[in-house]
Amino acid sequence: MKVSTSTTKKTWSWIRSEPIDVQPGRTYLVTIRIKYRNVNSTHIPISAYYEDRGWKRLTVIAARITGNSDWQEYSAIIKIPENVTKIRVVLNAGW
């Protein structure tokens, strides 16, 4: 997927993956690969779907991505909380 923004205002482009089914109490390795150019303040959280509260941020895989880079890999080992049935990756592309 390619994401391009041209704004200079402090705003976010929230790009969300399709939901991924998970099992409560299990541990998962989540890995993303990203290449970027002329980036200011991008970050990549993982959101979890709680049956009783909806989508909430679970963790952040990569934070404060700035500048330029060839392909980088970021990973996180996450334990799925009770009442969570799905997760998704969110790209918060900064200005």
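**Nonpolar core and a buried arginine**

The largest nonpolar core holds 20 residues, and Ile44, Ile78, Val84 and Ile87 have the most contacts inside it. Such a core is a set of buried Ala, Val, Leu, Ile, Met, Phe, Trp, Tyr and Cys residues joined through side-chain atoms within 4.5 Å. Buried means under 20% relative accessible area, with a 1.4 Å probe and protein chains only. Two or more core residues come from each of β3 (27–50), β4 (54–79) and β5 (84–93). β3 gives the largest share, nine residues. Val84 touches Val22, Pro24, Ala48, Tyr49 and Tyr50, residues up to four places away in sequence being left out. Contact means heavy atoms within 4.5 Å.

The model is predicted; local features need pLDDT of at least 70, side-chain atom pairs count only at pLDDT 80 or more, and totals for chains, interfaces and linings use all residues. Residues are numbered from 1 along each chain as its sequence is written, and side-chain values use heavy atoms, without hydrogens and water.

The chain has five strands and zero helices. Strands are DSSP runs (E, at least two residues) and helices are runs of H or I (at least four), numbered from the N terminus. Of the 95 residues, 32% are buried. Among contacts between residues at least 6 apart in sequence, 77% join residues at least 24 apart.

Arg88 lies in strand β5. Arg88 is buried but has no salt bridge. A salt bridge needs a side-chain nitrogen of Lys or Arg within 4 Å of a carboxyl oxygen of Asp or Glu.

Notes
Buried means under 20% relative accessible area, exposed over 50%, partly exposed in between (1.4 Å probe, protein chains only). Lys and Arg count as positive and Asp and Glu as negative; His and the chain ends are not counted.
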